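User: I would like to learn how to read a model of this kind, going from the whole chain to single residues. Could we take one feature at a time?

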Amino acid sequence: MITVFANNLKNRVELINLDELTTKGGCLGCCSCGYDNTCVYNDEMNNFLHNSFLNSDAIVIASEIKDRYLSWQIKRFWDRSFTHGHK
């Protein structure tokens, strides 16, 4: 379904699979990012947030739904994006 959606758009589409990003962990809630929006983790999730996510014109999130909830990968992604919540 994701491929069909992406192939029907005029603009270039970059597909990112959160399962394939190496992450050191979820948000610690340490708020160290409050000073300069830099997470204590230096991993692929952090690089994705800085280099792709923040520079995107549009974001489409696709996920399997289990028991009425999105995946834990989506939860981890939203938690880790808190590093940019101070702007």
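User: What is the accessible surface of the chain, and what percentage of it belongs to carbon and sulfur atoms?

Analyst: Keep in mind that this is a predicted model. The accessible surface of the chain comes to about 6,800 Å², and carbon and sulfur atoms account for 51% of that area. As for extent, the C-alpha trace spans about 40 × 30 × 20 Å along its principal axes, while buried residues make up 26% of the 87 residues.

User: How many helices and strands are there in the chain?

Analyst: The chain has three helices and zero strands, which, read along the sequence, gives the pattern α-α-α. Turning to contacts between residues at least 6 apart in sequence, 62% of them join residues at least 24 apart.

User: How should I read the packing of H2 and H3, and at what angle do they pack?

Analyst: In general, two packed helices are described by the angle between their axes and by the distance between those axes. In this model, helix H2, covering residues 44–51, and helix H3, covering residues 72–80, pack at an angle of about 65°, with their axes 11 Å apart. The crossing of H2 and H3 is right-handed.

User: Which residues in H2 and H3 meet?

Analyst: From H2 come Met45, Asn46, Phe48 and Leu49, and these meet Arg76, Phe77 and Arg80 in H3.

User: How far apart are the mean positions of the positive and negative charges of the chain?

Analyst: There are 9 positive and 10 negative charges in the chain, and their mean positions are 3 Å apart.

User: Turning to the backbone, what is phi of Cys31, and where is the place of Cys31?

Analyst: Cys31 is not a glycine, although its phi is positive, at about 60°. The place of Cys31 is in the loop between helix H1, residues 2–7, and H2.

User: Where is the place of Asn37, and what is its phi?

Analyst: Asn37 is also in the loop between H1 and H2, and its phi is near 60°, again a positive value in a residue other than glycine.

Terms used. Residues numbered from 1 in each chain as written. Predicted model: local features only at pLDDT ≥ 70, side-chain atom pairs only at ≥ 80, totals over all residues. Heavy atoms only, no water. Helix = DSSP H or I, 4+ residues; strand = E, 2+ residues; numbered from the N terminus. Buried < 20%, exposed > 50% of the residue type's maximum accessible area, 1.4 Å probe, protein only. Contact = heavy atoms within 4.5 Å. Areas by Shrake-Rupley, 256 points an atom, 1.4 Å probe, with all protein chains shown as cover. Lys, Arg positive; Asp, Glu negative; His and termini not counted. Charge placed at Lys NZ, Arg CZ, Asp CG, Glu CD. Axes fitted to C-alpha atoms, helices over the stretch in contact; angles between N-to-C directions. Left-handed = near helix turned anticlockwise from the far one by under 90°.
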